Amino acid sequence: MESRGAKWRWGLLDVVVVVFALIPVLWIMSLSFKTTNTLTDGHFIPREWTLENYKTIFQTDQFVRALVNSIGIALISTLIAVVLGTMAAYAIARLDFPGKGLLVGVSLLIAMFPQVSLVSPLFDIERRLGLFDTWPGLILPYITFALPLTIYTLSAFFKQIPWDLEKAAKMDGATQGEAFRKVIAPLAAPGVFTTAILAFIFCWNDFLFAISLTSTERSRTVPVALSFFTGDSQFEDPTGSISAAAVVITVPIILFVLFFQRRIVSGLTSGAVKG
Amino acid sequence: MSATSTAAKHRAQPLSRAEKARLSEGKRAERRLGWLLCAPAAIVMVAVTAYPILYSVWLSLQRYDLKFPDDREFVGLSNYVTVLGNQYWWTAFGVTMLITVVTVVVELVLGMALALVMHRTLVGRGIVRTSALIPYGIVTVVAAFSWRYAWTPGTGYLANLFSDSAPLTERASSLAIIMLAEIWKTTPFMALLLMAGLALVPEDLLKAAAMDGATAWQRFTKVMLPVMKPAILVALLFRTLDAFRVFDNIYVLTAGANETSSVSMLAYNNLIKGLNLGIGSTMSVLIFLTVAIIAFVFVKLFGTAAPGSSEEGRR
């Protein structure tokens with residue numbers, strides 16, 4: 001039924017979409033491979049290719065420390081948020097208890113909370129508690145804002161699991177807890193994994209908390225370190241270094257997206273739209 | 001709500017005394033487990049949001065500047081008078097509102113188009129979906145730097161297209177670029193939510209409408225839009241509140257120069273650069289109130305279609 005012309009028109013639209021989505025990414029990549037001399041020539045494709053920018057950033061302590069901070073903080077926050085979120089989502093999907101609606105409502109409110117409203121009080125509280133400019137000082141708000149996401153997506157996943165299996169396990173003498181650990185958890189693993197990716201992307205992306213609640217290399221993450229980059233000397237423009245660092249922190253996300261595209265889409269939409 | 005409905009169910013079934021006791025025993029165990037499983041998540045969420053926001057209300061009632069810590073004093077609502085009587089606040093508020101309204105409207109239109117393309121396309125569906133996800137995943141700061149360099153005279157491919165002006169040094173063009181960066185980054189998210197709504201549109205209904213002679217536009221407005229309404233509202237609500245928080249792009253693109261600060265940017269500057277906890281907290285509270293009002297209006301306007309309510313309604 002679909003004509004050849006229709007196919008071409010769709011193809012053209014596809015190309016527009018792909019170009020629209022990828023151009024800024026390709027541009028920053030292109031900048032990162034340009035030599036110092038050609039950096040400001042304005043060409044989209046580098047005329048001289050070099051890896052110098054990457055060598056430079058991996059030799060500076062500033063970037064390497066920030067990368068370690070970013071990876072550590074994002075992984076720990078994701079892990080804790082997913083564990084707590086899994087527990088809560090299981091209860092929401094499976095158990096009947098008063099206060100369930102309230103919990104769902106509260107996590108929805110937090111998902112929409114203006115994060116900047118927390119910056120001033122957290123700044124003061126963390127300063128007093130000695131959490132300012134430490135890993136836990138960032139991990140705490142990250143867990144908080146990753147939790148609504150994990151609770152939503154996971155409870156949606158949990159509702160699709162064949163729960164008769166749990167009944168069967170209980171019939172065979174397993175307690176509710178055992179049924180959860182041994183039967184349901186393995187079935188839910190793909191959903192949990194997807195949720196972990198989404199939570200990781202959130203923590204990896206954050207800029208506002210990271211720039212407000214840190215002050216030194218001790219806990220500064222890469223997005224913040226990028227905005228403080230300077231060249232080797234004050235006469236050198238840091239464009240090349242910033243671009244290379246930007247590409248380095250973009251690569252993991254692109255890999256996630258490439259490998260788990262289908263799951264990420266279902267995870268992102270399951271929480272927000274119910275059929 | 002769910003508790004009362006199950007209680008009613010139990011009442012309706014005549015049960016022997018012993019059976020009832022056993023059931024409520026299991027019921028109580030289930031409740032305990034439910035609370036136990038939810039407690040850690042609930043405690044963390046409340047401790048890191050509810051307590052600080054109350055604390056910031058307290059801070060907003062004080063003169064509290066970390067540069068002059070000895071001057072700390074309870075001043076009532078005078079910080080609010082200061083902020084609300086300040087033209088920088090209202091400029092930032094206007095900028096934030098402008099960015100929110102323009103980006104959300106453009107994203108809704110583009111997102112709908114993108115959703116239709118992703119849903120209907122005949123060739124390369126996987127590639128299109130994957131590449132549409134990339135802007136969502138990219139670190140906002142990275143994207144912001146890419147746009148900044150693209151518009152930097154000499155360096156950028158875009159700046160060179162438009163004579164030799166420096167767009168990031170003028171207010172109107174700066175705002176346009178900030179909006180462009182926001183739209184690029186979040187349209188895919190909008191499209192994904194809308195696509196989930198599109199998947200709910202029954203194919204038969206579209207075919208039947210086509211048979212009855214409905215044009216493509218009529219099929220879109222009369223068949224697809226009504227079915228997609230809940231998805232559209234959720235997407236709009238999420239994006240509106242998200243757009244109102246705009247910070248990263250402005251920080252990197254203009255750092256708030258030429259009156260391009262958003263309210264988040266202004267609060268950040270007062271707090272971290274100015275170290276003025278009193279004023280910073282006042283702005284935090286005002287932003288919180290604004291967002292609460294926006295959310296309230298959305299929920300009031302759209303009633304049961306709001307997220308969360310469907311969750312409770314179904315149980």
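Modeller: Two residues are in contact if their C-beta atoms, placed from the backbone, lie within 7 Å. The model we are discussing is a predicted one, and among the contacts in chain B with a separation of 6 or more, 68% are between residues 24 or more positions apart.

Biologist: How do you know what confidence the predictor has in chain B?

Modeller: The pLDDT runs from 0 to 100, and on that scale chain B has a mean of 82, with 87% of its residues at 70 or more. The stretch at residues 1-13 of chain B has a pLDDT below 50, and beyond near neighbours in sequence the model gives this stretch 8 contacts. Residues 304-315 of chain B also stay under 50, with 19 contacts beyond four places in sequence. For the complex, the predictor reports an ipTM of 0.86 and a pTM of 0.84.

Biologist: What makes up the secondary structure of chain B?

Modeller: Chain B comes to 14 helices and 2 strands, and of its 315 residues 41% count as buried.

Biologist: What describes the packing of helix α4 of chain B with α12(B)?

Modeller: Two packed helices are described by the angle between their axes and the distance between the axes. For α4(B), residues 87-120, and α12(B), the axes come within 8 Å and cross at roughly 140 degrees. On the α4(B) side B:Tyr88, B:Trp89, B:Ala92, B:Phe93 and B:Thr96 take part, and they meet B:Val263, B:Met265 and B:Leu266 in α12(B). By class, this contact has 7 nonpolar residues, 1 polar residue and no charged ones.

Biologist: How do you know which residues of chain B are called a transmembrane region?

Modeller: That name comes from an unreviewed UniProt entry, which places the feature at several spans of chain B, including residues 130-150 and 223-241. In the model, residues 130-150 of chain B are 90% helix and 0% strand, with the end C-alpha atoms 24 Å apart, and residues 223-241 of chain B are 100% helix and 0% strand, with the ends 28 Å apart. For chain A, an unreviewed UniProt entry gives the annotation to spans that include residues 12-33 and 135-158. Residues 12-33 of chain A are 100% helix, with end C-alpha atoms 30 Å apart, and residues 135-158 of chain A are likewise 100% helix, with ends 32 Å apart.

Biologist: What makes up the contact between the two chains?

Modeller: Chain A gives 87 residues to the contact and chain B gives 91. On the side of chain A that touches chain B, the largest share, 15 residues, comes from helix α11 of chain A, residues 239-270. That side of chain A divides into 60 nonpolar, 20 polar and 7 charged residues.

Biologist: Which domains is chain A divided into, and how many residues do they bring into contact?

Modeller: Domain 1 of chain A covers 1-50 and domain 2 covers 59-270. Their centres, taken over C-alpha atoms, are 31 Å apart, while 8 residues of domain 1 of chain A are in contact with 7 residues of domain 2 of chain A. The domain 1 side of that contact has 5 nonpolar, 2 polar and 1 charged.

Methods: Residues are numbered from 1 along each chain as its sequence is written. Chains are lettered from A and ligands numbered from 1 in the order in which they are written. This is a predicted model: local features need pLDDT of at least 70, side-chain atom pairs count only at pLDDT 80 or more; totals for chains, interfaces and linings use all residues. Helices (H or I, at least four residues) and strands (E, at least two) are DSSP runs, numbered from the N terminus. Ala, Val, Leu, Ile, Met, Phe, Trp, Tyr, Cys and Pro count as nonpolar, Asp, Glu, Lys and Arg as charged, and the others, Gly among them, as polar. UniProt positions are given in the numbering used here, feature names are shortened, and annotations may be inferred rather than shown by experiment. Axes are lines fitted to C-alpha atoms, for helices over the stretch in contact, and angles run from 0 to 180 degrees between N-to-C directions. Domain bounds come from an automatic or database domain assignment. A residue is buried if 20 or more other C-beta atoms lie within 10 Å of its own, exposed if 12 or fewer, and partly exposed in between; C-beta atoms are placed from the backbone.
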